[in-house]
Amino acid sequence: IEVKLSAGRDSFRWESELPVGEAIRLDAPQTERWVERWHLVTSPVWNVSLTGLSPIFEPQQQNLIPVWHPWPDEGVTLSFGRPEAVSGDTVTVKRVQHESSLGSRQRTSSLMLDLECSLGGDFIIELDAEAEVSSLNLAGQSMPPRRDDQRLIIPTRPGRQSVEIAWRTADQMTTVAGIGSVRLPLPGSNVTSVLQVPESRWVLWAGGPLRGPAVRFWGIVVCAILAAVVLGSLSHSPLGRLEWVLLAIGLTQVHVGAALVVVVWFFALTARGKLDTEKVGSWRFNFVQIGLVLLTLATLGILIVIVGEGLLGDPEMFIIGNNSSRMNLCWFQPRVGPELPEPYVVSISVWFYRLLMRFWALWLASALLRWLKWGWHQFSHGGSWKRWFRR
């Protein structure tokens, strides 16, 4: 095109079209009458490869648009091609929250998903065939559930969206109870599983993904029994091995500091019974007696607390890990397959614990009478009190 600029005119603009082809060749003419500057703006439906003169990118532009400032006889070849499709999923499950509340005759479950969809379509979740879906929310809007046997069909749209599902199943409470089976159409990430146990159950064990609750009670019991066997093996031990073991099992329900107070009480009375009162001054002797009285009161208070918590309170199983507690067990797994994790819990009625504690309390009552009688003999050996001053 031949361009002529009249007087006072400094620009001329035109638009043209080129037939679609595989390449375009741009060459700067051999002339000194003008300079050229090339800009390339392409649609996302094209891939462009450049051969020849390298472009620059102007910093004041918001988008990275290649720009050329060619010298005469310099050029560039632009090759065009369609982007090749990459096989893969059109839906990404970014977060999963699976919760289940156990009941004596019914289990209530919920599932929350964060989805990222590039295309709209049906998202199919497989649940228990006998599950009764009570609610279904898609992007904050309630919608009627569409079921095909055990498959729940959820229509999704492009973009990020959340899905919330709630359902009920008629599952009775058993010794080993799980969270329930749920299958997604593709793998998921950031999966949290929560199992809520009723207050009337005594949790004995919990299993599931590696990052989850740990029942430390059994390890503490083993350590307590080993410590009791060692204490019963001492030559000057006031109790036998069996008595130490039974006492140690009950002391697992209190802090280790309180348990040490009870152990110190026995050995303090044993040492008091072997004390030569004639060689001890009145001040020191009286302070020892006062300390034994205070230690006895503390020991009796600790034993009363243990009996009260055992008969009326809840068992302390020392459950920790991933913000878990006795009634709320939480697991986390960063990546899972289509099947969601199925953690489980082993539990029995809490009345078994209270029945065992009742037998332990009866044994403690009979043993405590013997211990107090023995303790009084140790306490009053050589006298119970000395005058502070002699005339």
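Glu 339 is partly exposed in this predicted model, its relative accessible area being 44%. Its side chain meets that of Arg 183 in a salt bridge, with 1.9 Å from N to O. This pair links distant parts of the chain, since Arg 183 belongs to the loop between β15 (176-178) and β16 (188-196), whereas Glu 339 belongs to the loop between β20 (328-336) and β21 (344-349), 156 residues apart. Arg 183, at 31% relative accessibility, likewise counts as partly exposed.

Side chains of opposite charge can pair when their charged atoms come close. A search of the whole structure finds 10 salt bridges. One of them joins Arg 168 to Glu 132, where the closest N and O atoms are 3.1 Å apart. Another salt bridge is formed by the side chains of Arg 151 and Asp 148, at 3.1 Å from N to O; Arg 151 is partly exposed at 31% relative accessibility, and Asp 148 is partly exposed with a relative accessible area of 39%. Beyond these pairs, Asp 314, Arg 326 and Arg 354 are linked in a network of salt bridges.

Arg 354 also leads from the charged groups to the rings: its charged end sits over the ring of Trp 351, 5.0 Å from the ring centre.

The structure holds 12 aromatic pairs. In one of them, the rings of Trp 46 and Phe 80 have centres 6.3 Å apart and planes at 80°, so the pair is edge-to-face. This pair links distant parts of the chain, with Trp 46 in the loop between β2 (38-39) and β3 (47-52) and Phe 80 in strand β6 (residues 75-81), 34 residues apart. Trp 46 is partly exposed, with a relative accessible area of 28%, and Phe 80 is partly exposed, with a relative accessible area of 22%. The pair of Trp 244 and Phe 267, by contrast, is stacked, with 5.9 Å from centre to centre and 15° between the planes. It too links distant parts of the chain, Trp 244 lying in helix α2 and Phe 267 in helix α3, 23 residues apart. Trp 244 is buried, with a relative accessible area of 2%. Both residues belong to one aromatic cluster, whose members also include Trp 265, Phe 266, Trp 360, Trp 363, Trp 371 and Trp 374.

The buried residues of α4 include Phe 285, Gln 289, Leu 292, Thr 296, Thr 299, Leu 303, Ile 306 and Gly 310. An α-helix has 3.6 residues a turn, so residues three or four places apart point the same way. What covers the buried residues of α4 includes α2 (241-251), α3 (256-273) and α5 (350-379).

Methods: Residues are numbered from 1 along each chain as its sequence is written. This is a predicted model: local features need pLDDT of at least 70, side-chain atom pairs count only at pLDDT 80 or more; totals for chains, interfaces and linings use all residues. Side-chain values use heavy atoms; hydrogens and water are left out. Buried means under 20% relative accessible area, exposed over 50%, partly exposed in between (1.4 Å probe, protein chains only). Helices (H or I, at least four residues) and strands (E, at least two) are DSSP runs, numbered from the N terminus. Contact means heavy atoms within 4.5 Å. Rings of Phe, Tyr and Trp (its six-membered ring) pair if their centres lie within 6.5 Å; planes under 30 degrees apart count as stacked, over 60 as edge-to-face and the rest as tilted. A charge sits over a ring if NZ of Lys or CZ of Arg is within 6 Å of the ring centre and within 35 degrees of the ring normal. A salt bridge is a side-chain nitrogen of Lys or Arg within 4 Å of a carboxyl oxygen of Asp or Glu.
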